[in-house]
Amino acid sequence: MRIYLLIWLMLFTVLNLRAQQAMEIQKQLDLGNIGGRSIRYGDFRVYNRGSEPLFLLRADPGDDCSVKFLKQEIAAGDSGLIRVQINPESKGKFSRRILIYHSAAPKPEAIELRGNVIEIPDDIAQECPDFSRTRRVEDFRPTVFVLVLDKYTDRPLAEAQVQVMRGRERIGSFMTDKQGLFSFKAKSATTHTFVSTHEGYADTSRIFYGFLPQDTLPVYMSPQRSVTQITTTVTTRTTTTITTTPPKDTQSLVQHTLPKPVAQPLDLPGELSRDQYRPNNIVFLIDVSSSMAGKDRLPLLKESMKKLIYALRDIDRVSVITYADGTDVVVESAPADRKRYIARRIDRLEASGGTEGRKAIDLAYVIAQHNLLSGGNNQIYLATDGDFRLGKKDQELYDILQDKVKREGIHMSVIGFGREGTTALNKMRQLSAAGGGSFVHIGPQEQSADLLLTEIRQQSKR
């Protein structure tokens, strides 16, 4: 009896081993981040390595998954697909184990679907798609939302026509809806150009470099009429009388765009002379870690930055990048005549978190290079109290900065906070010297409002 039992166990083991060898199945699949419009299903491939047909019998997917088979009978030497869709009910990372029952063995095979839900899809109840609809390349392209706005009022512009180019390739022509929005499928991470036209507005073009943002991308347009009067009023804070009566379609716009009084009174300067000062491409790289929260640090810097903004012209460009635990582009190369817009972004800066400066420096150089002004003043201003981690040896970083000056003509100055004689301030001086720029010290007793303006005048003087 024991001999028969042993023979039966051996035979069962051999048959089971043959069955396992006959079927080969992909065990895991990661869908990555799943947003509202993301593909949330994946295909597991099954191979029949045996000499007999393989039958897929059924699946046990659980409550929030659904399963479909491309074909239930897989011939010897052939393969098939098992499509699994996740129907997420909550955000966050997930891992789902699905059991697949088949004819090659009495026990099911387990496959695993993984991913990270960042937004619950609108079509959560949609059935798992069948195999008559194959996934196209377009399914994997991110959807980019673009918002066209009036440059001075931030009012959405409906029925604006926008041409979208990817490098030299024309992606398409789009018209904004009542909310000033349109969307398109991005092809890859490369340069995108947006050329927008609208009645009563000057044609505008915006270039976006590298990865398109996850948030809505703004494109600003300027009214064709009365721009000079509006700009003069913002810059000098004097009352300008418009003697000509604008057309009816723009009269309300001119009244609406006259600036409100500045909340914090500043002794605003006049604009820099075009004859005496070169165009400026300025990138502010601002440390907003918790150590910058003192009244003698970030608040003083914000006051100095706003005073500088009101002295810059429409030929100057301004970018603002902040860094703490992460890096954020607050203003992405805006023309300096958008003074209220830039000032509002500066007013919102707050200090908190740690200090990771190395990636922020790299990003500042990327933005400065993309907006490089030939013959202009291309300047990065790193504002910090010196409590930062650069992630590289000092000399290695200094060599990189010196190379940027030689090859690209981009200089980096440092605006330093803290007491003289400290190790941090000495390091900041060395950093500015390597970057081919200046060191501007703002101490507790400094009258800092004019320091940046004086520095720009020196750097951009013809």
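The accessible surface of the protein is about 24600 Å², by the Shrake-Rupley method with a 1.4 Å probe, where for residues only the protein chains shown count as cover. Carbon and sulfur atoms hold 50% of that surface. This is a predicted model, in which local features need pLDDT of at least 70 and side-chain atom pairs pLDDT 80 or more, while totals for chains, interfaces and linings use all residues. Residues are numbered from 1 along each chain as its sequence is written, and side-chain values use heavy atoms, leaving out hydrogens and water.

**Overall make-up**
- The protein has 9 helices and 22 strands (DSSP runs numbered from the N terminus: helices are H or I of at least four residues, strands E of at least two).
- Of its 462 residues, 44% are buried (under 20% relative accessible area, 1.4 Å probe, protein chains only).
- Among contacts (heavy atoms within 4.5 Å) with a separation of 6 or more, 68% join residues 24 or more positions apart.

**Sheet**
- Five strands form an open sheet with mixed pairing, in the order S2-S9-S8-S4-S6 (two strands pair if DSSP finds at least two bridges between them).
- Strands S2 (28-34) and S6 (73-74) are at the edges with a single partner strand each, so one side of each has no neighbour in the sheet.
- Strand S4 (residues 54-60) runs antiparallel to S6, joined by 2 bridges; Phe 55 has Glu 73 in S6 as its bridge partner.

**Asn 48**
- Asn 48 is in strand S3 (residues 41-48) and is buried, at 3% relative accessible area.
- Leaving out residues up to four places away in sequence, Asn 48 touches residues including Ala 22, Pro 53, Leu 54 and Ala 75.
- A polar atom of the Asn 48 side chain lies 3.3 Å from the backbone oxygen of Ala 75.

Conventions:
Buried < 20%, exposed > 50% of the residue type's maximum accessible area, 1.4 Å probe, protein only. Polar contact = N/O pair within 3.5 Å; in protein donor to acceptor, adjacent residues only side chain to side chain.
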